[in-house]
Amino acid sequence: MTFLNKFGIGPTTGRESSRTVTAPGNNGRGHTAAPAAIAAVGPNKNTEKSESSRVSNGLKELLWNLEGLGHGTLLDLGSVWQTTLSFFIERGFRVTSEDILRAWKDFLDKEESALREATRSPETPIDVTPSGRAGRFLEANLQYPIGSFDAVLLWDLLDYFEPSMAAKTVASITELLRPGGVVFAMFHSKKPEGFQRYRVVDSSNLQVVSTKVCCTAKRVYQKREMQDLFARYRTMKSFVGRDQLRESLFIK
């Protein structure tokens, strides 16, 4: 993804419009909302293998926490779906989308190529430690002003990151959230066999979309480890589903 495409101002790819204009206005907390978010629409239908719906108590709790906010701001870090965008925009939210896992996969592919080149040249060695990779990635991604968002849809992305990347991602998100902001995250109780994305159907249901594998799961988090990752948050609330997914809300 090029720098321009990331913000929806590069050439289109024949899918739906690459621009998503969110609801304007004041965010209800004395801050002027940022410029309208621009995002690319999600993958084509033919990349999907199957779809199913699940009741989401975590989504209901998220909406309850955001109730009365007015024109809030939300960061969606998953695959970009028009249904999810429309759901929050219709409720007055200004939505920014960044498919962080896809960007991470592209980054790792480029890093591998750069590493092969580095072995054939006397230039300064590349820091190939997990922490070094994560640091370089986040220098070019999740770059928004501090306190930009009232809520973040993190989905199950932490399960697919190396521990160093997961910790640094949570730290970055924490800086982007306003006090009282909410993170909606999901964790698998065992390593998933396939790969899936999520989109909002309505105020209490998510659609689970099985797709081509983007990244393989790296680890399974226990409750204590989740609490350690989000140690700077004052409240954690979890809902365990029958499909081996734990939905968690973290309030800053």
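Biologist: Which residue in E7 is the bridge partner of Tyr198?

Modeller: In this predicted model, strands E6 and E7 run antiparallel and are joined by six bridges. A hairpin of two residues connects E6 to E7. Within this pairing, the partner of Tyr198 in E7 is Val208.

Biologist: Why is strand E7 described as largely enclosed by the rest of the structure?

Modeller: Strand E7 covers residues 205-211. A residue counts as buried when its relative accessible area is under 20%. Strand E7 is largely enclosed because the number of its seven residues that are buried is six.

Biologist: What percentage of the 252 residues in the chain is buried?

Modeller: The secondary structure of the chain consists of seven helices and nine strands. The chain exposes about 12600 Å², of which carbon and sulfur atoms supply 53%. Among the 252 residues, the buried share is 47%.

Biologist: Which strand gives the largest share of the lining of the largest cavity?

Modeller: The count of cavities of 30 Å³ or more comes to one, and the largest cavity has a volume of about 60 Å³. Its lining includes Trp81, Leu101, Trp155, Gln196, Arg197 and Tyr198. By class, six lining residues are nonpolar, three are polar and two are charged. The largest share, three residues, comes from strand E6.

Biologist: Which element gives the largest share of the lining of the second largest pocket?

Modeller: The second largest pocket holds about 220 Å³ of space. Of the 16 residues that line this pocket, the closest to its centre are His188, Pro192, Gln196, Asp243 and Gln244. The elements that give two or more residues to the lining are strand E1 (48-55) and E7. The largest share, three residues, comes from E1.

Biologist: Which residue just after H5 takes a positive phi?

Modeller: Helix H5 spans residues 130-140, and its buried residues are Gly132, Arg133, Ala134, Phe137 and Leu138. An α-helix has 3.6 residues a turn, so residues three or four places apart point the same way. Just after H5, a positive phi of about 55° is taken by Leu142.

Biologist: What share of the contacts with a separation of 6 or more joins residues 24 or more positions apart?

Modeller: A contact here requires heavy atoms within 4.5 Å. Among contacts in the chain with a separation of 6 or more, the share from residues 24 or more positions apart is 74%.

Notes. Residues are numbered from 1 along each chain as its sequence is written. This is a predicted model: local features need pLDDT of at least 70, side-chain atom pairs count only at pLDDT 80 or more; totals for chains, interfaces and linings use all residues. Side-chain values use heavy atoms; hydrogens and water are left out. Helices (H or I, at least four residues) and strands (E, at least two) are DSSP runs, numbered from the N terminus. Buried means under 20% relative accessible area, exposed over 50%, partly exposed in between (1.4 Å probe, protein chains only). Accessible areas come from the Shrake-Rupley method with a 1.4 Å probe; for residues, only the protein chains shown count as cover. On a 1 Å grid over the protein atoms alone, a cavity is a set of points where a 1.4 Å probe fits but cannot get out, and a pocket is an open set with protein on both sides within 12 Å along at least five of seven lines; lining residues have an atom within 4 Å of a point. Grid points are joined across faces, edges and corners, and a volume is the space filled by probe spheres set on the points. Ala, Val, Leu, Ile, Met, Phe, Trp, Tyr, Cys and Pro count as nonpolar, Asp, Glu, Lys and Arg as charged, and the others, Gly among them, as polar. Two strands pair if DSSP finds at least two bridges between them.
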